[in-house]
Amino acid sequence: MKHIFILNPEAGKKDHSAVIEQQIRSLSSPIDYELYHIEGAPGTMRRYVDDYCLSHSEKPVRFYACGGDGTLKEVASGLVGHPSAQLACYPCGSGNDYVKYYGGQDRFLRLDSLIDGEPTPVDIFRVTATTEQGRETHYSINVVNFGFDADVCNTMMAVRRKPVIGGRNAYTTGVLHALFHARKNECRMEVDGQLMNDQPFLLCTIANGQYVGGAYRCAPRSVNDDGMAEICLVSPVSLFQFVRLVRAYAQGRHLDDPRFAPYIHYRRGSRITLSHPSPFWVTLDGDMILTTHCEIEEMQQAVRFVVPKEK
C-alpha cells in the first residue's frame, strides 16, 4: 500500500513536518510513502487527493491528513467518489475534534498504531451553497455549524496562534467575543422537507462527530456511520442562562438537562436546507463560507477512515 502524508504547516501553533518525517524514518518496518507539503490556495489538498486517486486507481493508497480538522476535511473531500482509498488522521492542529469520537488525539499520534490501523466506513456531509461566485460544493466530515458559532470561528481564526488565548483556548476566546456580538441570529431551516426553525436563534450544530471547538461535546448522541445527522438548535437565552448552558454543553449534558428543554430543539435527519435573504456565515469543520442558501446532505459511509490499532 502507498502511504501519502499531507503536511499542512499552517495547522496548529507550529509546523510539525520535521517531527512527522522523523517518526516515519523510525518505524520498525519500512513503508512505501510520499510526503506532500501543502502550498497554494484553499482547495489545493482536495484537488491533489482527487487527481492522485484518478491517476492511480489500480493501487491501494492511504492519505494521512497531518493537521487539524480543516486539513482532515480537505483530504476527506478529495476522497469522495474513490471508495478504495483510505483516510487517516495525524491530528497536530488546534482543535482535532473529529478524533475525539475515537478516544482522542494521543491515540492517533502513535504512528505505528495508525499505520497498522484498519479502515472503517464513515459518513460525510455534502454541502451545496449559493455564494457570490455561484453554486459551490463543499464537504464536512465532523460538524457544520452557524449562528453564534460562526462568530466564534471568525475570532478563533484571528487568535489561534496567539499565546494563552489561542491554541486549545481559541474556542473559549471566540465564545467570549460572540457573547457581545452574536447572541441572536436569523435563518430558516428545514430538515427532510419539514420546517424546523424560522425564528431568531442562538446557535445550531449539524454533526457527524461529537465534539466542536476543542472541548465542547455538542452532539453526544451522534453516530458517525448511520446516515443521520444530529441537529441541535438553541433559542436565544439570557446571559445567566448562557453561562449555565455552556457548562452542560461542554460536557455533553445539554440534551438531557430539563433546565434547558425550553431552549433546545433536537432532531435527526439526512437533508437540511438553510436560507436567509441576507448572506450568513456557515462553518464547515472550522472553514467558513458566506451564503444565502445552503443544502446539506448526509452521504452514508462515503469515506473509509482509519482507526489506530490498539497496542
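**Exercise 1.** Work out which radius of gyration a compact globule of 311 residues would have, and compare the protein chain with that value.

*Solution.* Keep in mind that this is a predicted model. Start with the rule: 2.2 Å times the number of residues to the power 0.38. For 311 residues that puts a compact globule near 19 Å. Now take the chain itself: its radius of gyration is 19 Å, so the two agree. For the extents, the C-alpha trace spans about 55 × 40 × 35 Å along its principal axes.

**Exercise 2.** Find what share of the residues is buried, and what share of the contacts links residues 24 or more positions apart.

*Solution.* First, burial: with the cut-off at under 20% relative accessible area, 54% of the 311 residues count as buried. Next, contacts: take those with a separation of 6 or more, and 72% of them come from residues 24 or more positions apart.

**Exercise 3.** Among the 8 helices and 14 strands of the chain, pick out α6 and check its span, then say what covers its buried residues.

*Solution.* Helix α6 runs over residues 148–159, which makes 12 residues. At 1.5 Å a residue you'd expect 16 Å, and the first-to-last C-alpha distance is 17 Å, which is close. Its buried residues include Phe-148, Val-152, Cys-153 and Val-159. Their cover includes the strands β7, β10, β13 and β14, along with helices α7 and α8.

Terms used
Residues are numbered from 1 along each chain as its sequence is written. This is a predicted model: local features need pLDDT of at least 70, side-chain atom pairs count only at pLDDT 80 or more; totals for chains, interfaces and linings use all residues. Side-chain values use heavy atoms; hydrogens and water are left out. Helices (H or I, at least four residues) and strands (E, at least two) are DSSP runs, numbered from the N terminus. Buried means under 20% relative accessible area, exposed over 50%, partly exposed in between (1.4 Å probe, protein chains only). Contact means heavy atoms within 4.5 Å. The expected span of a helix is 1.5 Å times one less than its number of residues.
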